[in-house]
Amino acid sequence: MSFASSWQVWALLAAMFAALTAIFAKLGVEDVDPDPATLVRTCVVLVALGGLVWAMGKIEGLSRLRPQTWLFLLLSGLATGASWLCYFRAMQLGDASRVAPIDKLSVVFVAVIAAIFLGERLSAVGWAGIGLIAAGAALLALAP
């Protein structure tokens, strides 16, 4: 298996970029309304990803998406926007070192929702890991 085809490598890179996102978000919303700040962030993502997809010659792939795919991507986009609005507001009000781990409770929610609606199954060790993530987020949220 090559480095580029390893889901673990891509997930680790995603986590590292998410960490940078948290730090930059905290610095970016110190003295501004987080809603317009989220709009700026979204525009940057749109332009950067649009340019990347175009440069890689993959823009025609949009025309091959099925209606069901469009629906789920639309819903995902709306959920992302809501998440980012809430995240920036939380970053403005709280410490990055506490907000980001609580935001990562999404891992717990994904595991539960995927088990219920997608039929995905985790082992006992997997569920223990999910429990530890939840416990860690709760400890950080409750810490003085």
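Arginine 41 sits in helix α2, which spans residues 34-55. Helices here are DSSP runs of H or I with at least four residues, numbered from the N terminus. The model is predicted, so local features need pLDDT of at least 70 and side-chain atom pairs count only at pLDDT 80 or more, while totals for chains, interfaces and linings use all residues. Residues are numbered from 1 along each chain as its sequence is written, and side-chain values use heavy atoms, with hydrogens and water left out.

**Arginine 41**

- Is arginine 41 buried or exposed? Arginine 41 is buried, a term for under 20% relative accessible area, whereas exposed means over 50% and partly exposed lies in between (1.4 Å probe, protein chains only).
- Arginine 41 has no salt bridge, which would need a side-chain nitrogen of Lys or Arg within 4 Å of a carboxyl oxygen of Asp or Glu.
- The nearest side chain of opposite charge belongs to aspartate 103, 7.9 Å away; in this count Lys and Arg are positive, Asp and Glu are negative, and His and the chain ends are not counted.
- Leaving aside residues up to four places away in sequence, arginine 41 touches Thr21, Trp84, Tyr87 and Phe88. Contact means heavy atoms within 4.5 Å.

**Packing of α2 and α3**

- Helix α3 covers residues 67-93 and packs against α2 at an angle of about 130°, with the axes 9 Å apart. Axes are lines fitted to C-alpha atoms, for helices over the stretch in contact, and angles run from 0 to 180 degrees between N-to-C directions.
- α2 and α3 are therefore oblique to each other. Angles under 35 degrees count as roughly parallel, over 145 as roughly antiparallel, 65 to 115 as roughly perpendicular and the rest as oblique.
- On the α2 side the contact includes Arg41 and Asp35, and on the α3 side it includes Trp84, Tyr87, Phe88 and Arg89.

**Packing of α4 and α6**

- The axes of α4 (residues 96-103) and α6 (residues 124-142) come within 9 Å and cross at roughly 150°.
- α4 and α6 are therefore roughly antiparallel to each other, and α4 passes α6 in a left-handed crossing.
- Ser97, Arg98, Pro101 and Ile102 of α4 meet Ala137, Leu140, Ala141 and Leu142 of α6 in this contact.

**Salt bridges**

- How many salt bridges are there? The count comes to 3.
- Arginine 89 pairs with aspartate 33, with the closest N and O atoms 3.9 Å apart. Arginine 89 is in helix α3 and aspartate 33 is in the loop between α1 (7-28) and α2, 56 residues apart.
- Aspartate 35 also forms a salt bridge with arginine 89, at 3.1 Å between the closest N and O atoms. Aspartate 35 lies in α2 and arginine 89 in α3, so this pair ties together parts that are 54 residues apart in sequence.
- Aspartate 103 and lysine 104 meet in a salt bridge of 3.2 Å, N to O. Aspartate 103 is partly exposed at 24% relative accessibility, and lysine 104 is partly exposed at 37%.

How values were computed
Helix = DSSP H or I, 4+ residues; strand = E, 2+ residues; numbered from the N terminus. Left-handed = near helix turned anticlockwise from the far one by under 90°.
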